[in-house]
Amino acid sequence: MIKKNIQILDTTLREGEQTPGVSFTISQKLEIVKMLDAFGVDFIEVGHPAVSADIYKSIKEINKLPINAKTIAHCRLKKEDIEQVLDLKMSWVGIFFGTSQSFLFDKYKIDEKKCLEMIKDGIKYAKNNGLKVRFTAEDASRTDREFLLNVARVAENAGADRFSIADTVGILYPKKVSQIVSFFVKNLNIPIHAHFHNDFGLATSNALQAIQSGATCVDVSVNGLGERCGISSLVEVTMSLNELLKVKNEWNLKLLNEISQYVKNVTNVSLNDIMPITGKNAFTHNGGLHVASVLNNPSTYEPIHPNKINRENTFVIDKFSGKTALKHCLKKLGLKFNDQIIERALAEIKSNPQITNWTDKQLSSLMEKLNS
């Protein structure tokens, strides 16, 4: 029996909303938060406020709810992102930054020294402004172990309250999870969190192994929603902890079916959509940072090349999209644009969060309007 307290961070409103085709209304988000709080999760990740106005507004409304769970906002290692979190009067911020060579050199185009400086400065800025910080090393599972330890120690010394290991492309398996998590539990003094993607169908087993190896918190989402094939499932993780590992928490397990059914009904996402390897979303990207990176180097957010199984990657245009993704799609359609039009087009797209996948026809119509 695992006797220590195990925490659950639910990220349905952030990671889950990055599932292609998913965009929750504010009222739906409020209902999900109330359900998750009644169930008994410890943290609720409420979104990345810099992405769109509707996410920012939804966080303001969530903050009015009298809940027991800690709410945490997602942000890049940028002062302007942290300042938005401060404006929202959050207590916790989840700062993420890619630490693998692929991310540093292909995505950010910086070296390891600059990476460590940025992490230290960003965390200190958040801490000096009164925030509690969970720092996530994105793509930690493909980061050199010694450099990742340097990252973790810099984060800890800068004041981070939690260090999170992210298996961003879902390449870990339980034995590897055990090695990585136990190493960081041994070498750090702050609690270890873990975030597992399900690209090979191992997210839940990896979450269970992380806890058995000393992690104090794992990330989950309702029905396993998330980018590509999603992440560890709230239902699977908590029921497995309760039944198989005999972890005793004050979770209201009777609510799991209700929560799952509610999210299923409002998202209309089939489990086949997020099935590893062959599911519709397995090589689909919509987050602006993700698309920009995949266009430059597909391996940043894909564990295998889709050609290996006779597939190709696809990009969704929605409120999470950025300039690079939009320009790529417009070029494929042969549509004319300039930087000013791209800015106006993105503003229009982000102001219509109910459109979860802008079709070629809708994009053509939008550009015709903006070019007239």
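This is a predicted model: local features need pLDDT of at least 70, side-chain atom pairs count only at pLDDT 80 or more; totals for chains, interfaces and linings use all residues.
Local features need pLDDT of at least 70 and side-chain atom pairs count only at pLDDT 80 or more, whereas totals for chains, interfaces and linings use all residues. Residues are numbered from 1 along each chain as its sequence is written, and side-chain values use heavy atoms, with hydrogens and water left out.

Eight strands close into a barrel. Their order is S1-S2-S3-S4-S5-S6-S7-S8, and the pairing is parallel. Strands (E, at least two residues) and helices (H or I, at least four) are DSSP runs numbered from the N terminus. Two strands pair if DSSP finds at least two bridges between them. From one strand to the next, the twist averages 25°. The angle is taken between N-to-C directions, from 0 to 180 degrees, with axes fitted to C-alpha atoms. Strand S7 (residues 192-196) and strand S8 (residues 217-220) run parallel and are joined by two bridges. Ala 194 has Val 218 in S8 as its bridge partner.

Seven aromatic pairs were found in the whole structure. Rings of Phe, Tyr and Trp (its six-membered ring) pair if their centres lie within 6.5 Å; planes under 30 degrees apart count as stacked, over 60 as edge-to-face and the rest as tilted. Phe 39 and Trp 251 are stacked, because their ring centres lie 6.2 Å apart and their planes stand at 10°. This pair links distant parts of the chain, 212 residues apart. Phe 39 belongs to helix H1 (residues 26-39). Trp 251 sits in the loop between helix H9 (234-243) and helix H10 (256-267). Both residues are buried (under 20% relative accessible area, with exposed over 50% and partly exposed in between, for a 1.4 Å probe and protein chains only).

Phe 183 and Phe 184 form an edge-to-face pair, because their planes meet at 85° with ring centres 5.1 Å apart. Phe 183 is partly exposed, at 21% relative accessibility. Phe 184 is buried, at 0%.

A pocket is an open set of points with protein on both sides within 12 Å along at least five of seven lines; a cavity is a set where a 1.4 Å probe fits but cannot get out; lining residues have an atom within 4 Å of a point. A volume is the space filled by probe spheres set on the points.

The largest pocket has a volume of about 930 Å³. Its lining holds 41 residues, and His 48, Arg 76, Phe 96, Gly 288 and Leu 289 lie nearest the centre. Among the elements that each supply at least two lining residues are strand S3 (70-76), strand S4 (92-98) and helix H11 (288-296). The lining divides into 14 nonpolar, 14 polar and 13 charged residues. Here Ala, Val, Leu, Ile, Met, Phe, Trp, Tyr, Cys and Pro count as nonpolar, Asp, Glu, Lys and Arg as charged, and the others as polar.

The second largest pocket holds about 430 Å³. Of its 25 lining residues, Asn 223, Gly 224, Glu 236, Leu 271 and Ile 274 are the closest to its centre. H10 gives the largest share of this lining, four residues. By class, 12 are nonpolar, 11 polar and two charged.

One cavity reaches 30 Å³ or more. The largest cavity has a volume of about 40 Å³. Its lining includes Asp 199, Phe 200 and Cys 229. Seven lining residues are nonpolar, none polar and one charged.
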